[in-house]
Amino acid sequence: MADETDIESILHEKRQFAPPEDFAEHARVDAKKLKSLHELAATDNAGFWGQMARDEIEWHTAFTQILDESEAPNYRWFTDGKLNVSYNCLDVHLTERGERIAIRFEGEEGDTRKITYRELHALVCRFANALKAQGVETGDRVVIYMPMIPEAVIAMQACARIGAIHSVVFGGFSASSLRDRIEDAGAKLVVTADGGRRAGKIVELKAAADLALDGSCPSVETVIVCRRTGQAVNMKPGRDIWWDEVVEAAPEDCQPAWIEAEHPLFLLYTSGSTGRPKGVQHSSAGYLLNAKLTCRWVFDLRSSDVFWCTADVGWVTGHTYVAYGPLAAGATILIYEGAPTWPDGGRFWKNCQRHNVTVFYTAPTAIRALMKLGDELPAQYDLTKLRLLGTVGEPINPEAWMWYRRVIGGERCPIVDTWWQTETGAIMISPMPGATPTKPGSCTRALPGIDADIVDASGEPITKSGAGGYLVIKRPWPSMLRTIWRDNERYLETYWEKFGNRYYVAGDSAHRDRDGYFWIMGRVDDVLNVAGHRLGTMEVESALVAHEQVAEAAVVGQPHDIKGEAILAFVVLKGARPNGSDAEALAGQLREWVAEQIGAIAKPDEIRFADNLPKTRSGKIMRRLLRDIGRGEEITEDTSTLENEGILDQLRKKVPKVPGT
Ligand code: WT7
């Protein structure tokens, strides 16, 4: 699909909603302010960011240079400035807001905790001291593999406090994914928990960490284990220690390390179209700036708000809008440990009521799943404290948007559909809730200072409304990724080379309507978006071919009404093609195998067996053909190059499913 820039828009959404008047009246950014921000950024882009950085960040040493382009596209921001990110999230609030709640926590079983800014500061300092006592120094990598509990954020903030680089690995990833990430990052220490609770079950994090570490990951010296479930786990002498024991001995005061603006704050692994997941490297100052600013601009956050971003800290959304941005903005965050449907589909709404959530941010896949359960569940809860709703992760279909607005937002809350990526660090394209009229399904316009555009295959801007093209960002911005960890070549190749280093290439296609609003159409590379999570088709394919019976595999996405995309895998075995119940049994095994290799999110929804895969003469798998076959569509491609036309019938054949699986 890589060169499909002529995709014409198929959406014809006409509805439009002006910002509610009472919201606009009190908004941090109203139409007038938005206009002046845009003007300021347009006149002097670097100057604009320089001003923002001085206003929003407390610097230990002021910067003198805003943007260093000498090694573009490896841009550097505020380079000679020094700061500490954790200081900017915690210490800055102690005098005026020390007793305000920083974190409200709800466990899946309904247990709750409240942590004030002062308490959070002390918890972070203690854990930072504990890390130091374990020999962690500025620049060392710490892998965090945790459930959604306050300690996950405490561990991240503690790393930031001492200048250690964290890399959070989503708790749903398997031992083998964890091992790859620990090894690539060269982590010295791993922070995990005995287990976490999800959908009534225990996620065995420590057991998975043991599996990952045993016989590999020689860089890891220490594993700190937080007690969450209280279950028995193996503690390896000389390597594993309990969280409560290490913090007990640690003093409550930890001077922040004053690090350089460009010092890496974290690595976060994400899927690309080829090879292994790449370690997206973010900076300290630039990242913090956009994280904080977008919390104020897009979420209109104030210290009186209870902000619930439902993302796990294992994803970038959980970094920017759980662990850093809202704390820098001085708001209260809600952290919820469990599943949205536990014990029933009313849990999100129950949590909103119980914790007085005012701003709620979630993924379209969750909205679609909960919408399916009907209006009665949300109607049981008082959602009147909500004042703003957001979505992220994938395009939202207008029907789900309208339901969100009516049933959850009571037709009173503006909705912000926010487009961004792991690589962009923070929201890039989004309505300003008090200023931008919204349209269901559109993320509207780029934020001030962000120069987004849509270009054709030759890099020329597309001016025709409705015509699709490549989404690009034409100027550097502070929270952009700096590089791919240990692989700058891949950074250059993936994001810059397509248009001769002129633009950052997002990998999405989009079009603009007559009002200049952006409509994201989807990925232009072989990356899937399954339930709001990014997954490379190649990653799933390599997992499949790593199975002893598999010779070849091709993976494509299929439209799915809740998950957005489902995973369909075509598999060629080393032996004979199985039939009937054999096929069924092997398909089941292969699905489990992929879950073990990557994680449950990567389990193919469907597996089909064939004698070979359709390829072009040059040996490229004809993915588009496979996608059409998966959808049961008429085949329009030229199939004359196929070695064996009969194969098409095999590819069309579904493996019968065992009822209830
Ligand atoms: C990809 C980035 C950073 C958010 C979590 C996902 C898709 C993201 C939207 C949106 C349509 C969206 C894009 C993007 N995406 N937000 N509002 N509308 N599509 O982060 O895993 O880095 O994935 O998610 O395709 O490239 P990610």
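Q: How do you know that β14 and strand β15 (residues 278-282) pair?
A: Two strands pair if DSSP finds at least two bridges between them, and five bridges join β14 to β15, so they are paired, and they run antiparallel. One of the partners is K278 in β15, bridged to T270. This is a predicted model, in which local features need pLDDT of at least 70, side-chain atom pairs count only at pLDDT 80 or more, and totals for chains, interfaces and linings use all residues. Residues are numbered from 1 along each chain as its sequence is written, and side-chain values use heavy atoms, leaving out hydrogens and water.

Q: Why is strand β14 (residues 266-270) called largely enclosed?
A: Buried means under 20% relative accessible area (exposed is over 50%, partly exposed in between; 1.4 Å probe, protein chains only). Five of the five residues of β14 are buried, so the rest of the structure largely encloses this strand. F266, L268 and T270 cover one side, with L267 and Y269 on the other.

Q: What makes helix α18 (residues 537-545) roughly perpendicular to helix α19 (residues 580-597)?
A: The helices pack at an angle of about 115 degrees, with axes 9 Å apart.

Q: Why is helix α2 (residues 31-43) called oblique to helix α3 (residues 45-56)?
A: Their angle is about 125 degrees, with the axes 5 Å apart. That value falls in the remaining ranges, so α2 is oblique to α3.

Technical notes. Helices (H or I, at least four residues) and strands (E, at least two) are DSSP runs, numbered from the N terminus. Axes are lines fitted to C-alpha atoms, for helices over the stretch in contact, and angles run from 0 to 180 degrees between N-to-C directions. Angles under 35 degrees count as roughly parallel, over 145 as roughly antiparallel, 65 to 115 as roughly perpendicular and the rest as oblique.
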